[in-house]
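This briefing covers the pockets of one protein model.

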Amino acid sequence: MSGFLQTSPMFEPLHEAGKSFEQLDHWPEIEYLNRLTANSIGAIATKSGKQIRFVPQAKGACEFLQQYEPRIYLTGEIQSRSRNWHDLFNALVWLTYPRAKAALNQLHYHALWQERERDQKVRSPVRNAATLIDESGVIVVSSSDYLLDLLKNFEWKALFWQQRASVIEQMKFFLFGHGLYEKALCPYPGMTGKGMLFQVNANFFKQNVNNQIAMIDIWLDNFLSRNCLTSADLAPVPVLGYPGWSPDNTDSSYYDNQSYFRPRKMKEESRVNILLENL
């Protein structure tokens with residue numbers, strides 16, 4: 001598995017957390033991940049104050065307190081499968097965005113608790129949004145209102161091709177969702193994230209990537225602390241449109257594929273349902 005973080009620029013946010021993987025000749029098992037957590041700068045903890053640690057996945061638990069997200073919130077224990085890319089990326093995202101992942105876990109926990117108290121059989125809008133972010137979240141930062149407006153309005157070719165130089169200088173994507181990172185191992189047209197958009201000043205792009213991520217982690221923590229969060233707060237982002245994230249997007253015709261770079265005519269609810277079905 002050595003070197004996988006160098007195979008795509010999409011993995012850049014995970015470089016610091018996964019830098020020791022370069023020396024490994026074996027899969028990083030749970031205890032190795034726990035050592036990384038212990039050696040991280042500052043304790044990585046849940047919003048309930050429990051220091052996180054990775055534990056083997058248990059069989060499906062019926063009791064609420066033993067379910068995946070409640071168990072993290074109440075004990076700090078993150079159930080993880082051995083030799084599983086999905087869970088490995090989840091661990092790396094915890095190491096990279098610890099405040100945001102703790103906020104997201106808290107959002108999951110409280111939404112699940114409310115569903116349980118109300119005997120609610122369907123997933124709430126808050127938990128829908130939390131699931132989309134956890135699996136497919138992508139942070140979009142830009143110092144240009146114009147570029148952000150193009151993205152919000154699904155003007156993909158204008159954004160990624162006609163404004164390509166400006167995008168490189170004034171806009172940056174950071175993957176967050178661990179499901180999206182897993183897809184980045186074998187990227188494909190149709191690979192779409194759910195975007196959280198942040199306006200920044202030009203000085204942001206002068207910072208090194210670790211400082212950028214530290215700032216983003218704080219912004220995400222605040223963003224995810226809202227109780228009224230829904231999927232409507234997230235923007236669809238065809239991530240392979242970003243310059244350099246696909247070898248094929250150096251040709252303008254790449255952006256003519258409307259099955260990937262979809263116009264805005266599809267209702268947002270339909271997009272959310274499609275994404276949830278694919279998680």
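In the residue classes used here, Ala, Val, Leu, Ile, Met, Phe, Trp, Tyr, Cys and Pro count as nonpolar, Asp, Glu, Lys and Arg as charged, and the others, Gly among them, as polar. By these classes, the lining of the largest pocket has twelve nonpolar, six polar and four charged residues. The model is predicted.

**Largest pocket**

- The largest pocket holds about 690 Å³ of space.
- Its lining is made of 22 residues, and those nearest the centre are Glu16, Ser40, Ile41, Leu95 and Thr96.
- At least two lining residues come from each of the helices α1 (30–39), α3 (85–96), α4 (98–117) and α10 (209–223).
- With five residues, α10 gives the most to the lining of the largest pocket.

**Second largest pocket**

- The second largest pocket holds about 590 Å³ of space.
- For the second largest pocket, 28 residues form the lining, and Gln67, Tyr68, Glu69, Asp134 and Glu135 lie nearest the centre.
- Two or more residues of this lining come from each of α2 (68–75), α3, α4 and α5 (125–136).
- The element that gives the most to the lining of the second largest pocket is α4, with five residues.
- By class, the lining of the second largest pocket has eight nonpolar, eleven polar and nine charged residues.

**Helices named for both pockets**

- Helices α3 and α4 each supply at least two residues to the lining of the largest pocket, and each also gives two or more to the lining of the second largest pocket.

Definitions and conventions
Residues are numbered from 1 along each chain as its sequence is written. This is a predicted model: local features need pLDDT of at least 70, side-chain atom pairs count only at pLDDT 80 or more; totals for chains, interfaces and linings use all residues. Side-chain values use heavy atoms; hydrogens and water are left out. On a 1 Å grid over the protein atoms alone, a cavity is a set of points where a 1.4 Å probe fits but cannot get out, and a pocket is an open set with protein on both sides within 12 Å along at least five of seven lines; lining residues have an atom within 4 Å of a point. Grid points are joined across faces, edges and corners, and a volume is the space filled by probe spheres set on the points. Helices (H or I, at least four residues) and strands (E, at least two) are DSSP runs, numbered from the N terminus.
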